[in-house]
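Look over the structure below before reading on. This report takes it part by part.

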Amino acid sequence: MMRFLRLSSLLAIIWLSGCSSPYKGLTWIEHRQPEVGMEHYYRYRPDFSKELYRAQVNGGFLFKKYHLSGILLFKKTDTSRRVVFTNEMGFAFFDFGWDSSDRFTLHQIIPQMQKRAVLSTLRKDLELLLGVGFEKNKLETLHNETAMFYKYPYASGSAYYIEDTAANTTLTRIEQGARKPVVTIYPFWKDAAELRSLPDSFIVIHHKANFTITAKQINSAEGE
Amino acid sequence: MRNTFFLLGLLLCTFVATAQPKGFKPVANLAQFQQTLQKNTSAQQSIQSDFVQTKHLSMLADKITSKGKFYYRKEDKVRIEYTTPFQYLVVMNGGQMMVKDEQKTSRINTRGSKTMQSVNRIMLDCMRGTVFSNPDFKVTAYENAGSYLLSLSPANDGVKKLFKQIDIFLTRTNLDVDRLTMTEQGGDFTDMAFSHTQHNIALNDALFKVK
């Protein structure tokens, strides 16, 4: 009986520690100060006109694995931001747009990807990268010993823009989730001075869905 | 028909009938043209060419450009190799296809898919000069002083889902394909321009290996 209780207690402890949130121990610094929210809001809405990436999507569902590769185009105009993913031969997998008020429009998607879960996942990943869909006055700022966490309400949880305080406020990752991150984006810049632009490369990891996106900037071959 | 091929991969589109292209008129003597085309093409043992591919995004008023090399060897071997600004390779050999990007190599048996067989067949029909007899496309031929234009519209349901139209531009002098344009339903199109074409050179078996 005693052995059973000890084992049950041990299992309960292990289970509970696995359920704990990584955001639980963070210290709350400020709450909804408009000027801080405004500064941060613009800091992580990348400023760009056009960027091209070589991208691969890898995933698996049950026993089936899938792999897509192609070119990811980010373009910003006066009135909108667009993201188009095409295969290497020019066929578009999807074409997403957001207007100046961050309203989303699906311009095009292939039938194989036109499933609510796929569309929602891809849209959220890109919105996190583009800093789209957040309310400026809803920012909360938290920190721990090594990082600052800028938190916005997003989807069914929150989006966290996490800066490494030891690395001079470099954005080290973006997370989205409720108690735990469902998705983590790791952006990389070769030059820290370019932090306001889109990253030189990025990785998107979905922790529950077994699905990753890797992307690296390239230059169009025009003029070569 | 020389140096003719089709882009592989998934394509969205439905069939739309085409009006007469600007600057072109229907070929005056179609039967003679078909004969000449087939005669010229059947004499080709191999083709090697450079290409520049430009994807035009109509709504964004923007384009994406890439470059590479194209190889064909009679009867059924094709290699499309992208070199700039990314590496990507497609090899077709008989009914087998290999696709290779920086991360992964995939091998596909086209015989398992009617649509893939259609794509495979039209590419090889263009190489062999037998495109007019392909049941999956309606082919209309036009001409002007310097070129011929073959306008291909899908005729079967499977291919209709892939293409709106494919236009193949041939030089009048030697029937070399110097441009290929593939149009999607939404107005986007992909253009491939060919240059430095060489005919009947020795092409190594290794170029067309799919295993």
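This is a predicted model: local features need pLDDT of at least 70, side-chain atom pairs count only at pLDDT 80 or more; totals for chains, interfaces and linings use all residues.

Start with one side chain in chain B.

Phe33(B) belongs to the largest nonpolar core, which has 48 residues. Phe33(B), Leu150(B), Leu152(B) and Ile168(B) touch the most other members. Helix α2 of chain B, residues 114–128, gives the most to this core, with five residues. In soluble globular proteins, nonpolar side chains tend to be buried together.

Helix α1 of chain B runs over residues 30–42. It has 13 residues and reaches 18 Å from its first C-alpha to its last. That is close to the 18 Å expected at 1.5 Å a residue.

Which residues of α1(B) are buried? They are Phe33(B), Leu37(B) and Thr41(B). These three lie on the same side of α1(B), because they cover an arc of only 55° around the axis. The face turned away from the buried side carries Ala31(B), Gln35(B) and Lys39(B). Those three residues are exposed.

## Chain B as a whole

Chain B has three helices and 12 strands. It has 211 residues, and 52% of them count as buried. Take the contacts in chain B with a separation of 6 or more. Residues 24 or more positions apart account for 54% of them.

## Where the chains meet

The size of an interface is often given as the accessible area lost when the parts come together. Here, chain A and chain B bury about 2800 Å² between them. Carbon and sulfur atoms hold 59% of that area. On the chain A side, Glu88(A), Met89(A) and Phe91(A) supply 26% of the area buried against chain B. That is more than any other three residues supply.

Gln103(B) is partly exposed, with a relative accessible area of 42%. It is in contact with Gln56(A), Asn58(A), His67(A) and Thr214(A), leaving aside neighbours within four places in sequence.

## Salt bridges between the chains

The count over all chains comes to 18 salt bridges. Between chain A and chain B, the count is three. Asp62(B) forms a salt bridge with Lys50(A). The closest N and O atoms of this pair are 2.8 Å apart.

Asp62(B) lies in strand β3 of chain B, residues 62–73, and Lys50(A) lies in strand β2 of chain A, residues 50–61, so the pair joins two chains. Lys50(A) is partly exposed, at 26%.

## Salt bridges within a chain

Arg123(A) and Glu127(A) meet in a salt bridge, at 2.9 Å from N to O. Both sit in helix α3 of chain A, residues 116–130. They are separated by about one helical turn, because they are four residues apart in that helix. Arg123(A) is partly exposed, with a relative accessible area of 32%. Glu127(A) counts as buried, at 5% relative accessibility.

Asp50(B) forms a salt bridge with Lys69(B), the closest N and O atoms being 2.6 Å apart. Asp50(B) lies in strand β2 (residues 46–57) of chain B and Lys69(B) in strand β3 of chain B, so the pair ties together parts that are 19 residues apart in sequence. Asp50(B) is partly exposed, at 22% relative accessibility. Lys69(B) is partly exposed too, with a relative accessible area of 29%. In chain A, Arg45(A), Arg81(A) and Asp102(A) form one network through salt bridges that share partners.

How values were computed: Residues are numbered from 1 along each chain as its sequence is written. Chains are lettered from A and ligands numbered from 1 in the order in which they are written. Side-chain values use heavy atoms; hydrogens and water are left out. A nonpolar core is a set of buried Ala, Val, Leu, Ile, Met, Phe, Trp, Tyr and Cys residues joined through side-chain atoms within 4.5 Å. Buried means under 20% relative accessible area, exposed over 50%, partly exposed in between (1.4 Å probe, protein chains only). The expected span of a helix is 1.5 Å times one less than its number of residues. The arc is that of the directions from the helix axis to the C-beta atoms. Buried area is the accessible area (1.4 Å probe) that two parts lose on being put together, summed over both. A salt bridge is a side-chain nitrogen of Lys or Arg within 4 Å of a carboxyl oxygen of Asp or Glu. Contact means heavy atoms within 4.5 Å.
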